[in-house]
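User: I'd like to go through this chain with you. Can we start with one residue and work outwards?
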Amino acid sequence: MKIILSVLLIGIVLSMNGQEQKAEKVKVVTETKANDKKESELTIQENVTQFTKLTELEKYVIINKGTEYPFSGKYYKFEEEGTYVCKQCKVPLYKSSDKFDAHCGWPSFDDEIQGAVKKTIDTDGIRTEITCNNCGGHLGHVFYDEGFTDKNTRHCANSVSLDFIPKPGNKKGEQ
Ligand SMILES: [Zn+2]
């Protein structure tokens, strides 16, 4: 009787081990699949987060090349030190040190971060459109020879097309 019991017990233990090993294998496979999924989801998510989801007004300006109402934009009367980035793709476009007040109702810059802004003559052949060189988002127009600053250049940008990253530890009023 003892022997039979022992054999039975050994049998049970062995079969349990077998099941555990099987379960272990299944678990490993599932985990690997879950990891793969996570990785591919991450890649997609990263791509998505590079392009901010736009509001209707932002779409109207950035995608359909519209213009925000003058004097309405967030960055028109805005003098903090930092960097203006593309609203859609977050690539740096303008430095606050190049911003000036042209009294025109839109944020104005007399220079761009090198290579960040693309200039294209409008279809009417008169004005020069400025777009983000990375994502093609519409920024506004650039005008020359107006005499506002030494650089004689005015990037007239829509606030809606921009986002602002304050210079770390050097915000206005903190000095
Ligand atoms: Zn962009």
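User: Ser 96 first. Is it buried or exposed, and why?
Analyst: This is a predicted model. Ser 96 counts as buried because 20 C-beta neighbours lie inside 10 Å, and 20 is the cut-off for buried.

User: Where does Ser 96 lie?
Analyst: In the loop between β2 (92-95) and β3.

User: And which residues does Ser 96 touch, leaving out those up to four places away in sequence?
Analyst: Glu 80, Glu 81 and Gly 82.

User: How far is Ser 96 from Phe 164?
Analyst: The C-alpha atoms of Ser 96 and Phe 164 are 9.3 Å apart in space, while the two residues are 68 apart in sequence.

User: What about contacts over the chain, for residues at least 6 apart in sequence?
Analyst: Of those contacts, 58% join residues at least 24 apart.

User: What share of the chain is buried?
Analyst: Buried residues account for 22% of the 175 residues.

User: OK, the fold. How many helices and strands?
Analyst: Two helices and nine strands. Along the sequence the pattern is α-α-β-β-β-β-β-β-β-β-β.

User: What order do the strands take in the six-strand sheet?
Analyst: The sheet is open, with the order β3-β4-β8-β7-β6-β5 and antiparallel pairing. Its edge strands are β3 (99-100) and β5 (117-121), each of which pairs on one side only.

User: How many bridges between β5 and β6?
Analyst: Five, in the antiparallel sense, with β6 covering residues 128-132. Thr 120 stands opposite Glu 129 in β6.

User: Where is Lys 65, then?
Analyst: Lys 65 lies in the loop between α2 (56-63) and β1 (82-86).

User: Which loop holds Asn 152?
Analyst: The one between β7 (138-144) and β8 (153-157).

User: Is Asn 152 buried or exposed, and why?
Analyst: Asn 152 counts as exposed because it has 12 C-beta neighbours inside 10 Å, and a residue with 12 or fewer is exposed.

Conventions: Residues are numbered from 1 along each chain as its sequence is written. This is a predicted model: local features need pLDDT of at least 70, side-chain atom pairs count only at pLDDT 80 or more; totals for chains, interfaces and linings use all residues. Two strands pair if DSSP finds at least two bridges between them. Helices (H or I, at least four residues) and strands (E, at least two) are DSSP runs, numbered from the N terminus. Two residues are in contact if their C-beta atoms, placed from the backbone, lie within 7 Å.
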